[in-house]
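Welcome, and please have the model open beside you as you read.

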Amino acid sequence: MKFTKEGARRTVLNCAKQYQEKLANKTLLIVYRERRDNSIQSIEVTFYPRNYQHLTGVEMQDEEGNTLRNQSINFYRKCIENKLSTDEIRFKNDGTTQLKLQALPALMDVKKITKITGDYNGRRPYLLVDKIMGGVNFCLGLTKEGSGYIPSSALLEDIRNLTNSPSQVLAIFEKDKGEEIYRTIRHVAKGLNIHNIDLPIEIQEKICMEMDVEK
């Protein structure tokens, strides 16, 4: 599928509403079993409003067609308020906009899709990320920021092609921005009882185990 500007506009506006509902200002704790040594590890991924524009691959432009930089918050606000026009958007010349737009709808269900995570193996010259999370049909590239990660690129690709050490995700916990403790479980690996896992103390301290799995 090749996007026109109007098709791109409809997609980014629709997905922005879902991003606001499902992901914006939320942090995920991804608990996984490291394939290389069988240890239990975790990473934290925070989805900010400012990350949304980069995930779409769409740039903003002025009336003369000049690219507008540092517009991520403005772009997100315009999407949420249905005020983004086709005249304000442009596609990148390297073709990545089309690829990102194709993957954008799947990103909204990343909490359900993610079954594997791992370090990025550098096989895609245009993909500059540190870690990968996802499944056999979709993966999300993550960039290190502070002690955690932020989302930076989404692809409709088998995650096993992009990491040399695909590690099983055991559970995904979620909390809102500003909360200290994770109180919601969004995913538990099939057949696994999270209470039977010997979690490292640094993970135990971050979560409340008295909770039910939410879909």
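Two strands pair here if DSSP finds at least two bridges between them, and helices (H or I, at least four residues) and strands (E, at least two) are DSSP runs numbered from the N terminus. This is a predicted model, in which local features need pLDDT of at least 70 and side-chain atom pairs count only at pLDDT 80 or more, while totals for chains, interfaces and linings use all residues. Residues are numbered from 1 along each chain as its sequence is written, and side-chain values use heavy atoms, with hydrogens and water left out.

**Around strand E7**

Let's begin with E7, residues 131–134. On one side, E7 pairs with strand E6 (residues 116–119) in the antiparallel sense, and there Gly118 stands opposite Ile132. E7 also pairs with strand E8 (residues 139–145), again antiparallel, and Met133 has Leu140 of E8 as its bridge partner. E7 and E8 make a hairpin, with 4 residues between them. Lys131 and Met133 point one way from E7, whereas Ile132 and Gly134 point the other way. All of these are buried, meaning under 20% relative accessible area, with exposed over 50% and partly exposed in between (1.4 Å probe, protein chains only).

**The sheet E4-E3-E5**

Elsewhere, 3 strands form an open antiparallel sheet in the order E4-E3-E5. Its edge strands are E4 (67–68) and E5 (89–91), each pairing on one side only. Within this sheet, Met60 has Ile89 in E5 as its bridge partner. Helix H1 (residues 5–22) lies across E3 and E5, at about 110° to E5; axes are lines fitted to C-alpha atoms, for helices over the stretch in contact, and angles run from 0 to 180 degrees between N-to-C directions.

| Strand pair | Bridges |
|---|---|
| E6 and E7 | 4 bridges |
| E7 and E8 | 4 bridges |
| E3 (residues 58–61) and E5 | 3 bridges |

**Two asparagines in loops**

Asn51 lies in the loop between strand E2 (40–47) and helix H2 (52–56). Asn51 counts as buried because its relative accessibility is 5%. Leaving aside neighbours within four places in sequence, Asn51 is in contact (heavy atoms within 4.5 Å) with Tyr19, Thr46, Ile150 and Pro151.

Asn137 sits in the loop between E7 and E8. Is Asn137 buried or exposed? Its relative accessible area is 60%, so Asn137 is exposed. Not counting residues up to four places away in sequence, Asn137 touches Leu155, Leu156 and Glu157. The C-alpha atoms of Asn137 and Thr114 are separated by 9.9 Å, with the two residues 23 apart along the chain.
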